[in-house]
Amino acid sequence: VAALEAPFGALADRIGHSRVLALGAAVFALTILGFGSTTNYWMLFADYMLWAIAAACRSGADQALLFASFKQGGMEGRFSKVIGRGFAISISAGMAGVIIGGVLAAQTSLAFTVQVSFAGPALATFVALAMVEPHVEHERPHYLENLRRGFTFAWRTPQVRYTVLLGSTIMMAAFAPVVLVQPFLIEHDVATGLFGVFQAPLRLAAVVAAITAHRVAARTGAPAMFAVACLGMVLAFGGLSAVDRVGVFALFAVPAIIQGFTRPTIDTYINEHTPSETRATVLSVSSLVLSLQVAFFEPVIGFITDDVSIRAAFAFVAVYFLVVMPPLYLFWRRAYVPVPGHAPEVGAESI
């Protein structure tokens with residue numbers, strides 16, 4: 001995924017965001033069909049490679065298309081609200097899919113449940129093709145040149161560079177529960193049938209946070225929101241490492257809430273500071289940085305959990321963020337520039 005993020009973002013800027021979204025949805029439909037039919041490791045490996053392509057196609061292209069559409073209509077201010085709602089719908093859909101899929105699998109079979117799930121992305125393919133690309137007058141450089149410009153803009157524009165670095169680190173902290181929630185519940189002898197009961201409130205908290213993120217950001221400002229997010233992550237994982245009781249599971253809600261609040265704010269800020277001709281590429285660079293960090297982070301905390309203890313893994317996460325987040329926040333705060341209500345349509349020199 002990390003290797004494909006930026007190239008597919010540049011492709012979306014070159015041939016159109018809706019076309020790349022449609023390609024990603026179609027590939028994902030094939031991926032799900034493959035998961036429902038796989039019989040050996042190599043088929044499974046091929047499915048995961050297809051999944052990487054599908055994920056890279058979507059990364060950045062969806063937000064770039066949405067922001068450009070709002071910009072064309074002079075309604076950029078709605079982007080943060082709508083992207084927050086979209087994130088909330090995504091979380092809710094995942095939660096509903098787990099519940100419905102479990103019931104369907106119990107009544108039929110796991111393979112059948114996976115196979116029929118291809119209908120969603122198959123439908124999304126046609127939805128993407130039906131989208132109308134906003135007309136934006138700008139030069140369409142060669143693909144490789146567009147890719148180079150996207151990387152150059154992301155690196156040479158301090159507002160974007162430090163937002164990508166800090167934002168990806170905050171979002172990476174939200175990935176820690178993906179690895180650690182189930183080992184925590186197993187460690188405390190929670191019945192497998194109750195795993196969903198424990199995790200559902202986390203997703204609901206993230207949904208509420210995502211829906212209200214634009215209002216909170218408008219009242220507190222992005223600097224205060226990010227400062228609280230960094231502090232909250234360190235305190236939450238520090239608490240999980242310090243107390244060995246099942247009740248501290250409630251602290252997992254902190255990363256979920258922070259993810260819901262900060263994701264729409266990060267996406268909005270990057271979109272507002274990025275020119276339209278490289279928007280999908282720059283957004284994909286952000287996903288690239290997150291993917292690279294997760295590729296290091298998740299295996300490390302997995303090894304620590306297996307070879308030392310889960311509390312040691314929590315302690316590692318807390319210390320890691322205590323070391324990394326403060327300097328990144330200070331660099332980001334120094335480069336932070338509030339947006340007066342419109343995104344630039346030229347190079348980094350205009351910012």
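Biologist: Of the 351 residues of the chain, what percentage count as buried?

Modeller: Buried means under 20% relative accessible area, exposed over 50%, and partly exposed in between, with a 1.4 Å probe and protein chains only. Here 46% of the 351 residues count as buried. Keep in mind that this is a predicted model, where local features need pLDDT of at least 70 and side-chain atom pairs count only at pLDDT 80 or more, while totals for chains, interfaces and linings use all residues. Residues are numbered from 1 along each chain as its sequence is written, and side-chain values use heavy atoms, leaving out hydrogens and water.

Biologist: How many helices and strands does the chain have?

Modeller: Both are DSSP runs numbered from the N terminus: helices are H or I with at least four residues, strands are E with at least two. This chain has 15 helices and zero strands. Its radius of gyration is 20 Å, close to the 20 Å from the globule rule for 351 residues, so the chain is as compact as a globular protein of that length. That radius is taken over C-alpha atoms, and the rule is 2.2 Å times the number of residues to the power 0.38.

Biologist: Which residues have the most contacts inside the largest nonpolar core?

Modeller: In soluble globular proteins, nonpolar side chains tend to be buried together. A nonpolar core is a set of buried Ala, Val, Leu, Ile, Met, Phe, Trp, Tyr and Cys residues joined through side-chain atoms within 4.5 Å. The largest one here has 78 residues, and F184, F252, F321 and W332 have the most contacts inside it. Helix α15 (residues 310-335) gives the largest share, 12 residues. A contact means heavy atoms within 4.5 Å; leaving aside residues up to four places away in sequence, F252 touches P177, L180, V181, F184, L202, L240 and F314.

Biologist: What span should helix α3 have?

Modeller: The expected span is 1.5 Å times one less than the number of residues. For the 18 residues of α3 (residues 41-58) that gives 26 Å, which agrees with end C-alpha atoms 26 Å apart. At the N-terminal end N40 is the cap, with a side-chain oxygen 3.1 Å from the backbone nitrogen of W42. Within α3, the buried residues include D47 and C57. Just after the helix, G60 takes a positive phi of about 90°.

Biologist: Which residue other than glycine has a positive phi near 55°?

Modeller: That is D189, in the loop between α10 (176-187) and α11 (195-220). D189 is exposed, with a relative accessible area of 72%.

Terms used
Polar contact = N/O pair within 3.5 Å; in protein donor to acceptor, adjacent residues only side chain to side chain.
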